[in-house]
Amino acid sequence: MEQIAIETKSKRYSLVLGDGALQLLPQQLKALPRSISNILIVTDEIVEKLYLSKLVSILSDEYKIYTHTVPSGEKAKSFEQYYACQSAALTYGLDRDSVIIAFGGGVVGDLAGFVAATFMRGIRYIQVPTTLLAHDSAVGGKVAINHPLGKNMIGAFHQPEAVIYDISLLKSLPEKEMRSGFAEVIKHALIKDADFYHWLKEHIRNLNDLQGEKLQYCIKKGIQIKADIVREDEKETGIRAHLNFGHTLGHALESELGYGSITHGDAVALGMLFAIWLSEKEYDTLGYREFVSWFERYGFPISIPNHLEAARLLEKMKSDKKAKAGNVHMVLLKDIGHVQIKPFENQQLLAFIQQFSQLQSMK
Ligand SMILES: NC(=O)c1ccc[n+]([C@@H]2O[C@H](COP(=O)([O-])OP(=O)(O)OC[C@H]3O[C@@H](n4cnc5c(N)ncnc54)[C@H](O)[C@@H]3O)[C@@H](O)[C@H]2O)c1
Ligand SMILES: O=C(O)C(=O)C[C@@H](O)[C@H](O)[C@H](O)COP(=O)(O)O
Ligand SMILES: [Zn+2]
């Protein structure tokens, strides 16, 4: 079992990582400084069927447990599901000594975390991630729901009390969800760690390699890279924006295609390819074509779907949280591990999105 300390300006907490980590949850709960009145587990329909009874049985001897289940997938990051969670919390009589457990992937983590951030102006919560992608979402305290006009637009920064990451739960993840999570692993390597990037290229030849020690290594490296950034900049006034590499176009794709029509990781992977293509134009260092082949090997999408209009994507990108004075700020790479944030004038960016769309569809 590995323990990683996550330190931010507002909170220090532990992340426990390993096969069977779930069994250590009671210990983590006991170590919280204030007593716990009751616990609300928020989960989704798929995780409920697979693992909820196991989690409840680990906790129910010592705590009063309530559960609330949301639909599986991105659509659950909605006002309706947020409202349903708050209603459940009120109906069960949660109070300021309650703890919410977010038991699921990034969707449940973001939703339940936002419920915890806002219920009675903020109560404690614990992240118990069940997807590979959640190595990213469970750390750092960004919690949010989506708005039809933009991804994660309604949210907060609210750090969990602990993260319990039992990688044995990942064995049931479908391949497309492993791929989605792997996109964020690649992102962490590209923005911060050239050695890790080379390691990934050599050791993760295909998605089946994401098992056992290699999987745990990918998760640990990704978390360490994220934790280093969040330690320096909890609320994204500076370098935390590096973690948004691939997300400016990625979020626009998710929103334009309809939340849940593409996985977050696939959208981010395509967004990273666009950012790499722009980076090559600017700095001439990366070797865009090699990235296309590498991403294709895992099955990531490498072209913008034909029916999406560049102008509509640009509109969504303009409302990205990094935008300033109506101009999109793109996270680019001067080289592997060296990020540069660059503002773009709208007409120029529109032309680039159009060129990028054509470039791949001509291939
Ligand atoms: N807060 C952050 O810092 C942050 C970082 C990255 C991504 N995110 C957000 O995370 C979300 C994506 O998270 P995700 O990819 O985990 O999606 P998800 O939570 O929807 O999970 C993906 C799918 O896998 C299923 N699932 C979950 N655990 C499973 C398991 N162990 N076995 C089988 N099936 C399982 C879910 O029911 C769902 O169908 C996006 O909304 C994204 O914006 C947030
Ligand atoms: O933690 C961060 O900071 C990130 O940007 C991580 C991203 O992978 C994640 O998808 C995040 O939710 C994007 O946040 P947003 O601020 O662009 O909504
Ligand atoms: Zn992301």
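**Entry 1: starting at ligand 2**

From which domains does the shell around ligand 2 draw at least three residues each? I looked this up in what is a predicted model. The shell takes at least three residues from domain 1 (2–172) and at least three from domain 2 (175–361).

I then wrote down who stands around ligand 2. The residues are Asp136, Gly140, Lys142, Lys151, Asn152, Glu184, Glu236, Arg240, Leu243, Asn244, His247 and Lys321. Sorted by class, I get seven charged residues, four polar ones and one nonpolar one.

**Entry 2: ligand 1**

Next I turned to ligand 1, which has 31 residues around it. The closest are Ser72, Gly105, Gly106, Val107 and Ser137. I checked which elements give two or more residues to this shell, and found α2 (45–59), α4, α5 (134–137) and α6 (175–192). Helix α4 provides the largest share, with four residues.

How many residues of this shell are nonpolar, polar and charged? My tally shows 10 nonpolar, 13 polar and eight charged. I also looked up the domains: domain 1 (2–172) and domain 2 (175–361) each supply at least three residues to the shell around ligand 1.

**Entry 3: the sheet**

Now for the strands. I followed an open sheet of seven strands, and its order reads β1-β2-β9-β6-β5-β3-β4, with mixed pairing.

I zoomed in on one pair: β3 (residues 39–44) and β5 (residues 99–104) run parallel and are joined by five bridges. In this pairing I found Ile39 opposite Val99 in β5.

**Entry 4: helices on the sheet**

Helix α4 lies across β3, β4, β5 and β6 (124–129), and runs at about 165° to β5. Helix α8 (residues 212–232) packs on the sheet too, where it touches β1, β2 (12–18) and β9 (162–166). The direction of α8 makes about 20° with that of β1.

**Entry 5: stepping back**

Last, I looked at the whole protein chain and counted 13 helices and 11 strands. The radius of gyration is 20 Å, close to the 21 Å that the globule rule gives for 363 residues, so the chain is as compact as a globular protein of that length. Its C-alpha trace spans about 60 × 40 × 35 Å along the principal axes.

Key: Residues are numbered from 1 along each chain as its sequence is written. Chains are lettered from A and ligands numbered from 1 in the order in which they are written. This is a predicted model: local features need pLDDT of at least 70, side-chain atom pairs count only at pLDDT 80 or more; totals for chains, interfaces and linings use all residues. Two strands pair if DSSP finds at least two bridges between them. Two residues are in contact if their C-beta atoms, placed from the backbone, lie within 7 Å. Axes are lines fitted to C-alpha atoms, for helices over the stretch in contact, and angles run from 0 to 180 degrees between N-to-C directions. A residue is near a molecule or strand if its C-beta atom, placed from the backbone, lies within 6 Å of it. Ala, Val, Leu, Ile, Met, Phe, Trp, Tyr, Cys and Pro count as nonpolar, Asp, Glu, Lys and Arg as charged, and the others, Gly among them, as polar. Domain bounds come from an automatic or database domain assignment. The radius of gyration is taken over C-alpha atoms; the globule rule is 2.2 Å times the number of residues to the power 0.38.
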